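Hello,

Here is the structure I promised to pass on. Please open it alongside this email; my notes follow below.

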Amino acid sequence: MTVSYTLKVANSRFGGFSKLLFRWKGSIYKLLYKEFIVFVVLYALLSIIYRRLLTEEQKRLYTKVAQYCNRSTDLIPMSFVLGFYVTLIVNRWWAQYTSIPLPDQLMCVISSNVHGKDERGRILRRTLVRYANLSAVLILRSVSTRVLKRFPTMDHVVEAGFMTQDERKQFESLYSDFNKYWIPCVWFTNLAAQARRDGRIRDDVALRLLMDELNLFRAKCSMLFHYDWISIPLVYTQVVTIAVYSFFAFCLIGRQFLEPLEPGQEGDLDMYIPLSTLLQFFFYAGWLKVAEQIINPFGEDDDDFETNKLIDRNLQVSLLSVDDMYQNLPPATKDKYWNESTAQPPYTIATAAETLKPSFLGSTFDMRMTEDMEQSQPVDASPNMARMQTPLLSRFLAAASPAISIKNFGRGGRATPHLRRARGDSTVLCEDPEAVSRIEEEETEDEESQTGRPCSPKASERQKELPLIQVEAPSRESIEVEQPGAREP
């Protein structure tokens with residue numbers, strides 16, 4: 001049975017978790033006490049042998065071996081191996097719980113779309129929801145030891161009312177090498193199609209909605225089957241187990257309280273009981289036991305899923321919703337707040353203090369914008385306004401020369417200095433005449449490649465007649481403003 005302590009930790013208070021330490025059922029003490037006793041007994045035996053049975057020479061040899069084992073414990077990455085493994089196990093554990101098929105959505109669709117108050121209508125609705133529950137029972141028998149002990153044979157399933165004798169004969173007549181939990185889902189689809197032909201399901205939209213919900217239900221059954229089939233790789237579990245056992249095997253030898261090797265040398269404090277080592281065993285071995293308990297939550301441990309209770313709940317709730325609650329509605333009347341613009345449910349004396357708290361309207365609701373009124377003035381976003389660059393961005397733009405092109409990088413030449421050449425309304429930075437001539441050659445080649453023919457001599461002469469203005473390179477902190485209407489060369 002699942003151990004629930006949610007109410008005990010509903011409110012945070014002093015020593016809240018400490019009260020949970022004295023529980024036995026589902027506790028770490030119940031999981032670990034046998035391994036803990038074995039470790040303590042082995043440690044005590046080695047300590048007695050070292051103190052009472054070994055000679056001085058043997059003690060010196062044992063001391064060297066113990067020091068080696070103690071150093072070796074630092075080479076085993078216990079926190080990393082165990083932490084990653086337990087995280088993987090916990091995520092898988094919760095994913096398996098969310099994969100348990102529940103008929104809640106399906107039963108609501110059946111109750112609202114399969115019509116008929118007569119006996120035939122009742123039979124259709126109850127049979128549809130029974131097929132869904134039968135599929136869940138069949139898959140849970142395959143993965144849960146508790147359910148298998150409750151329904152060891154198909155006779156028990158028939159006796160429980162999930163299946164009729166005729167359905168059992170047809171189920172067993174269908175041969176398959178694989179799990180046949182999906183057969184009731186196929187029966188469901190055929191019966192729903194028959195109900196559509198008979199007019200019990202009034203349109204194809206309702207039938208499609210019913211099929212979609214059934215597919216979601218069947219997908220959860222399939223996912224549960226695959227979680228049971230595909231386990232965490234065995235090699236990973238073996239690595240973690242060997243790491244933990246070998247770590248504490250070294251601790252049994254290396255964490256003994258030893259006499260100093262040299263006479264007169266000050267040794268460690270002899271406490272007889274290794275408290276830190278015992279705590280380390282409690283944490284690491286307990287961590288491993290947690291993973292061992294929840295790696296398969298469909299067993300019979302204290303914190304495993306209560307699958308039998310889920311089966312009982314699902315059958316009872318689903319039959320109630322499609323039969324007793326079908327078209328059985330309370331009268332629709334005006335509610336209590338019919339004539340009130342704002343509905344305000346009453347509070348009790350215990351919760352009256354909550355009415356004094358203001359409602360949360362957003363994290364920026366109380367933000368004051370009166371400190372700098374100039375920043376709050378509206379402005380028009382006009383395309384003719386000059387676009388200014390931020391100081392940080394201008395440093396990068398000022399540092400990079402517009403004269404640099406992909407071809408310059410490809411030639412592997414030296415970096416081109418800043419250039420400025422007047423052309424229309426735009427400007428290009430320039431300082432080096434050689435760089436200017438190289439740029440002109442590149443532009444001529446680009447024009448020839450774009451037009452597919454060489455530029456005319458007049459255009460080349462006109463281009464050479466453009467004046468060159470040599471200026472100093474701008475500083476990195478300068479801000480360049482692009483004038484309105486400027487075009488790129």
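**Gln327 and its loop**

Gln327 is partly exposed, at 45% relative accessible area. This is a predicted model, so please read every value here as computed from it. Gln327 sits in the loop that links α13 and α14, the latter being residues 391-399. Its phi is positive, about 55°, yet Gln327 is not a glycine.

Look for Tyr272 in the loop between α11 (234-254) and α12 (275-294). Is the residue buried or exposed? Tyr272 is exposed, with 56% relative accessible area.

**The chain overall**

The protein chain has 489 residues, and 31% of them are buried. Its secondary structure comes to 17 helices and two strands. Take the contacts between residues at least 6 apart in sequence: 69% of these join residues at least 24 apart. The chain's accessible surface is about 33500 Å². Carbon and sulfur atoms account for 59% of that surface.

**Ser321 in α13**

Helix α13 covers residues 307-324, and Ser321 is part of it. Ser321 is buried, at 11% relative accessible area. What does Ser321 touch, once neighbours within four places in sequence are set aside? Its contacts are Met107, Ser111 and Tyr326.

**Helix α8, one side in and one side out**

Helix α8 runs over residues 165-173. Its buried residues are Glu167, Arg168 and Phe171. Viewed down the helix axis, the buried residues of α8 fall within an arc of 100°, so they line one face. Asp166, Lys169 and Ser173 are exposed on the other side of α8.

**Cysteines**

How many disulfides does the model hold? The count is zero. As a reminder, a disulfide is a covalent bond between the sulfur atoms of two cysteines. The cut-off used for the pair of sulfur atoms is within 2.5 Å. Cys251 shows the reasoning: the closest cysteine sulfur belongs to Cys69, and it is 9.5 Å from the sulfur of Cys251, too far for a bond. Cys251 is also buried, with 0% relative accessibility. Cys108, by contrast, is partly exposed at 49%.

Ile37 is partly exposed, with a relative accessible area of 48%.

**Where to look**

Best wishes

Definitions and conventions
Residues are numbered from 1 along each chain as its sequence is written. This is a predicted model: local features need pLDDT of at least 70, side-chain atom pairs count only at pLDDT 80 or more; totals for chains, interfaces and linings use all residues. Side-chain values use heavy atoms; hydrogens and water are left out. Buried means under 20% relative accessible area, exposed over 50%, partly exposed in between (1.4 Å probe, protein chains only). Helices (H or I, at least four residues) and strands (E, at least two) are DSSP runs, numbered from the N terminus. The arc is that of the directions from the helix axis to the C-beta atoms. Contact means heavy atoms within 4.5 Å. Accessible areas come from the Shrake-Rupley method with a 1.4 Å probe; for residues, only the protein chains shown count as cover.
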